[in-house]
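This briefing covers the aromatic pairs, the surroundings of the ligand and the backbone geometry of one structure. Please keep the sequence and the 3D view open while reading.

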Amino acid sequence: MKKTLAAITGIGGYVPDYVLTNKELETMVDTNDEWIRSRTGISERRILKTPGKATSDMAVEAAKRLLDQLKMDPLEIDLIICATVTEDMSFPDTGTLICYKLGAKNAFGFDMHAACSGFLYALTTGAQFIQAGTYKKVMIIGADKMSSITDYTDRATCILFGDGAGAVMLEPAQDDDLGIIDSVLYGDGEGKDVLYMKAGGSLNPTTHETVDRKEHFLYQDGRPVFKKAVAGMVSSIEEIMTRNHLTNEDIDWIVPHQANMRILTSVAGMLDMPMDKVMVNIDRYGNTTAATIPLCLWDYRDKLKKGDNLILTAFGGGYTWGATYVKWAF
Ligand code: UT7
C-alpha cells in the first residue's frame with residue numbers, strides 16, 4: 001500500500017523589531033563591520049529585547065501568521081513540535097507552552113533539541129505521525145532566542161547569532177507526489193567540545209562559579225565547525241540526491257542552515273550549484289539556529305511554486321546534520 005505523504009501546507013515567520021547592526025557591535029567588542037561582512041556575510045541580526053518575552057512568544061507569533069494564512073483554528077492542531085536550544089526554561093517544554101499560549105487545547109507539544117539541525121529532525125519526526133495516519137495537523141516550529149545565551153563580550157560568537165522563529169504546517173498530501181519525500185539525518189557527538197554550553201545541565205549544574213566563568217553562554221571554536229559543516233552538508237545533499245535520482249537541473253532550491261555565507265558558497269561550489277538556487281537571509285538575521293530554515297522558506301515564500309524540488313540541509317552542534325527532500329505542495 002502506498003504511504004500517505006506529509007505535505008507542508010503553509011508557512012509563517014517572525015523576527016523581533018530590534019536590529020543589532022555591525023556598527024553597534026563595534027561599540028561592544030573589538031570587531032569591525034568589514035571583518036564581520038567578509039568573514040560571515042552578516043550585516044545585521046534581530047534581537048528580542050522585550051522584558052518577559054521568550055522563545056515561545058516568537059514561536060507563537062510565527063504560528064499565528066501560519067494559522068492566519070491557512071484560516072485554521074488552533075483547536076484543529078494535533079501536535080506541535082518546537083525545535084530550539086533556547087527553551088523558555090528546562091521544563092515545562094516550550095512546545096507545551098506554545099500550545100497553551102496559542103490556545104491549541106486539543107494538541108500536545110514537545111521540544112526537539114538538535115541545535116542547528118533541530119528543524120530537520122522535527123520536520124522528519126512530524127512527517128512520521130502524518131504518514132502513519134495518527135495525526136492530520138502537525139505544526140513544526142524552529143525558534144531560538146540566541147541573544148539569551150550569547151556573551152556580548154565574546155567577539156568570536158556575539159557577531160554571529162540572532163533571534164527569530166519560523167513555523168510550517170504538515171498535513172496529509174492532497175497530491176500523491178508532493179510533500180516530504182525523504183530525509184537523511186546524522187548525529188555523532190564528535191562536536192561536543194567545540195560547540196556547546198559548558199554549564200547549566202546535569203553534568204555541570206549552575207553555580208556562582210560557573211556563572212562567573214560565563215559558562216552559561218554558548219561556546220564555539222568556529223574553525224573545526226566550519227570545515228565539518230561544509231563536508232556534512234555536501235555529503236548529505238549528495239546522498240539524498242543520489243537516493244532519489246536527482247540531478248542538479250532537477251533542483252529548484254537549496255535551503256541551507258544559515259551559519260556563515262562562506263559555508264553556503266563553499267557548499268554550492270562543491271556541488272556545482274548556482275548561488276541563485278540557494279536561499280540566503282543570513283545578511284539580515286545572522287544565525288538563528290533552529291529558525292534559519294523556516295525563516296528562509298518564509299522569506300522566499302512568493303518565489304516558491306507548487307511542484308518545486310527543495311533540498312533542506314543543516315549542520316550544527318553535536319555534531320548533527322542532514323538533508324530533507326521536499327516537493328513543494330502549494
Ligand atoms: O550554526 C552552527 C554551526 N556553526 C557554524 O557552522 C560556524 C562555523 N564557523 C564559522 O563560521 C567561522 O569559523 C567563524 C565566523 C566563527 C570565524 O571565522 P574564521 O574565518 O574561522 O575566523 P578565525 O576564528 O579563524 O579567526 C581569524 C582571525 C583571528 O585573529 P588572528 O588569530 O588571525 O590574529 C581572530 O582572533 O580573526 C579574529 N577574529 C575577529 N576579528 C574581528 C575572530 N572574531 C573576530 C571578530 N572581529 N568578531
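Phe108, Phe110, Phe129 and Tyr135 are joined by ring pairs into a cluster, in what is a predicted model.

**Aromatic pairs**

- A pair of aromatic rings is described by the distance of the centres and the angle of the planes.
- Trp253 and Tyr300 form an edge-to-face pair, with 5.4 Å from centre to centre and 70° between the planes.
- Because Trp253 lies in strand β11 (residues 253–256) while Tyr300 lies in the loop between α11 (292–299) and β12 (309–316), this pair ties together parts that are 47 residues apart in sequence.
- Both partners are buried, Trp253 with a relative accessible area of 11% and Tyr300 with a relative accessibility of 15%.
- The pair of Phe315 and Tyr319 counts as tilted, because the ring centres are 5.0 Å apart and the planes stand at 40°.
- Phe315 is buried at a relative accessible area of 5%, and Tyr319 is likewise buried, at 4%.

**Charges over rings**

- Arg301 lies over the face of Trp298, at 3.6 Å from the ring centre.
- Lys49 lies over the face of Tyr18, where the distance from the ring centre is 4.5 Å.

**Surroundings of the ligand**

- Of the 21 residues around the ligand, the ones that come nearest are Thr31, Arg39, Arg223, Asn260 and Asn287.
- By class, the shell around the ligand is made up of nine nonpolar, seven polar and five charged residues.
- Helices α2 (33–40), α8 (222–243) and α9 (261–271) each supply at least two residues of this shell, and α8 gives the most, with four residues.
- Two side chains place a polar atom by an oxygen atom of the ligand, that of Asn287 at 2.7 Å and that of Trp35 at 3.3 Å.
- Gly222 takes part through its backbone, with an N or O atom that lies 3.0 Å from a nitrogen atom of the ligand.
- Taken alone the ligand exposes 960 Å², and the protein buries 74% of that area.

**Backbone geometry**

- Most residues other than glycine have a negative phi, and most peptide bonds are trans.
- The peptide bond from Phe91 to Pro92 is cis, with omega near 0°, and Pro92 lies in the loop between β4 (79–83) and α4 (94–102).
- The peptide bond from Gly318 to Tyr319 is also cis, with omega near 5°, and Tyr319, the partner of Phe315 in the tilted pair, lies in the loop between β12 and β13 (320–327).
- Lys214 has a positive phi, near 60°, and is found in the loop between α7 (208–212) and β10 (218–220), where Lys214 is partly exposed with a relative accessible area of 37%.
- Asp272 has a positive phi as well, near 60°, and is placed in the loop between α9 and α10 (282–285); at 64% relative accessibility, Asp272 counts as exposed.

**A buried strand residue**

- Leu170, in strand β7 (residues 163–172), is buried with a relative accessible area of 0%.
- Leu170 and Met89 are 81 residues apart along the chain, and 26 Å separates their C-alpha atoms.

How values were computed
Residues numbered from 1 in each chain as written. Predicted model: local features only at pLDDT ≥ 70, side-chain atom pairs only at ≥ 80, totals over all residues. Heavy atoms only, no water. Near = heavy atom within 4 Å. Polar contact = N/O pair within 3.5 Å; in protein donor to acceptor, adjacent residues only side chain to side chain. Areas by Shrake-Rupley, 256 points an atom, 1.4 Å probe, with all protein chains shown as cover. Nonpolar A, V, L, I, M, F, W, Y, C, P; charged D, E, K, R; others polar. Phe/Tyr/Trp six-rings, centres within 6.5 Å; stacked < 30°, edge-to-face > 60°. Buried < 20%, exposed > 50% of the residue type's maximum accessible area, 1.4 Å probe, protein only. Lys NZ or Arg CZ within 6 Å of the ring centre and 35° of its normal.
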